[in-house]
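Student: Could you walk me through this structure? I'd like to start with how the pieces are put together.

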Amino acid sequence: MTDEDGQTSPAVTRRQVLGTGSAVAGALLITGLPFAANAAGTVPANDAAGASEPDALADVTLIINGHPHQLKLDPRTTLLDALREHVAMTGTKKGCDHGQCGACTVLLEGRRINSCLTLAVMHDGQAITTIEGLANGEALHPMQAAFVEHDGFQCGYCTSGQICSAVGMLRESQLGMPSYVTDDLSVAHPTLTDAEIRERMSGNICRCAAYPNIVAAIKQAGGVRA
Amino acid sequence: MKAFTYQRASSLVQAAATSAQPNTRIIAGGTNLLDLMKLEVETPAHLVDINRLDLDRIEDTADGGLRIGAMVRNSDLAADTRVRERYPVLSRALLAGASAQLRNKATTGGNLLQRTRCSYFYDVSKPCNKRVPGSGCAALAGFNRMLSVLGGSDQCIATNPSDMAVAMRALDADVETIDGSGKSRVIPIANFHRLPGTTPQRDTNLKAGELITAVTLPPSPPGRQIYRKIRDRASYAFALVSVAAVVDVVGGRIRSARIACGGLAPKPWRVGQAEATLNGSPANAHSFDAAATALLDGARGYGSNDFKIPLARRSLSAVLSDIARV
């Protein structure tokens, strides 16, 4: 890692400590289990014709932020757990793990979804965009920059989901999709009023209640006049 | 979550045939099924994924209706210009349900098959006749604020949570299915969902191995369409009461009325007598009240859901008044 002076720092991050700790715990655990060899061994590939065996790992390729990732996954692995635990991309957060909070929101082929409520194996070959894929190098995505500028967060845990959701929401708006609060369904492109933004973002909960600033950030990034 | 085998369906008939096998579930959007699997309310041993089958088109039918593929996502159906123009009650109902992320995943067929959100159905430590037949119903004398005041039995008072199905009930939709031998069937939506009776574990009249392929809407009925949902939050909550109404008022008199309610019963609730009361009557408070009396005939509360009966009466009156005013 790099410190403020641009020097390489030996400091250890919280994530490294947690990661190392769980790897040690996992290794201790696995050695005691009779099926450890099976879990690590070669298993038949999953294909369209036949079903996998219950304990078999499936070959899954996810195109994450433009890069293919070839994974061997238990079919039970959610897209969220695949991203966090198997690709080590922890920007996408696990909140409720039941599709109620929106912290795990990612873009699937450009559409926002809850990554906790879908299986990674269902998305073989498909394109996933996570919070890590929004910036262009060091240049923040306009939505990220707007969240920073408007202080659209406090603790930050819901933020990656909020930002991915907001990016997906603007696309839906550009496609002319209506919402529950759209007065006139015949209008091809409903105006993104505050009420529209709030309704369209209602799948993302913020425990710190940064909602006014989140709305302001989205309005700016969406080019909506305040 | 219990371990399961996963396979991607190669064809409709193959998917239907495979789903007839014991302990096998079709997975479409997965937004309800995976939630239930995580809690081990659902414990399938085999999953058949139908996401890559060609079932995601919305097509005009020869008679001026619309045929909606089973895999059309809720968000796409709500946004379809034909649905917005001809069936706004359906667009409104869809947009009233869940969140944008869930609607991007949830499908037309899956929405019809979603399970109740009764908290005792979800809590595997509690008795529930729908989850474990014969185990009892903790809701009857428990926390039943969200549950049925119509159509329940002494074994189950779960509500159907769908908004979409309520609008489709008012629109007289047909559900098209296929089975493992390739045979098709059309089920009028009125006969699709079941009342619990003594078999609350069965939500619908689908047979084992029968797969939904499409929902067909007849031509748009005359009149104004409204979907009104009353819930505990302004957004992203299940209905306490909802009303889907398609009512034609000419010169202060009701020419035809179709009314279905959500949040009240184990299936979208529509009563012919309530509509017969309205047809030909003046569009006034007296007529609306008579319709509500017919619609709520036999309603009973179970304690914390008693409020739903007067709430449904007032909601229906409010919706009909709004339609009559224009």
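Tutor: Before we count anything, note that helices (H or I, at least four residues) and strands (E, at least two) are DSSP runs, numbered from the N terminus. Please also keep in mind that this is a predicted model.

Student: Switching to the interface: how many residues of chain A are in contact with chain B?

Tutor: There are 39 residues of chain A in contact with 33 residues of chain B. On the side of chain A that touches chain B, strand 4 (111–114), helix 5 (159–174) and helix 6 (194–200) are the elements that give two or more residues, and strand 4 of chain A provides the largest share, with 4 residues.

Student: What kinds of residues are on that side of chain A?

Tutor: They divide into 16 nonpolar, 14 polar and 9 charged residues.

Student: Which residues have the most contacts inside the largest nonpolar core?

Tutor: That core has 152 residues, and those with the most contacts inside it are B:V89, B:A93, B:A167, B:A170, B:A244, B:A245 and B:L316. Its largest share, 9 residues, comes from strand 10 (residues 239–250) of chain B.

Student: What does B:A167 touch?

Tutor: Leaving aside neighbours within four places in sequence, B:A167 is in contact with B:V89, B:L90, B:A93, B:Y227 and B:A244.

Technical notes: Residues are numbered from 1 along each chain as its sequence is written. Chains are lettered from A and ligands numbered from 1 in the order in which they are written. This is a predicted model: local features need pLDDT of at least 70, side-chain atom pairs count only at pLDDT 80 or more; totals for chains, interfaces and linings use all residues. Two residues are in contact if their C-beta atoms, placed from the backbone, lie within 7 Å. Ala, Val, Leu, Ile, Met, Phe, Trp, Tyr, Cys and Pro count as nonpolar, Asp, Glu, Lys and Arg as charged, and the others, Gly among them, as polar. A nonpolar core is a set of buried Ala, Val, Leu, Ile, Met, Phe, Trp, Tyr and Cys residues joined through C-beta atoms within 7 Å. A residue is buried if 20 or more other C-beta atoms lie within 10 Å of its own, exposed if 12 or fewer, and partly exposed in between; C-beta atoms are placed from the backbone.
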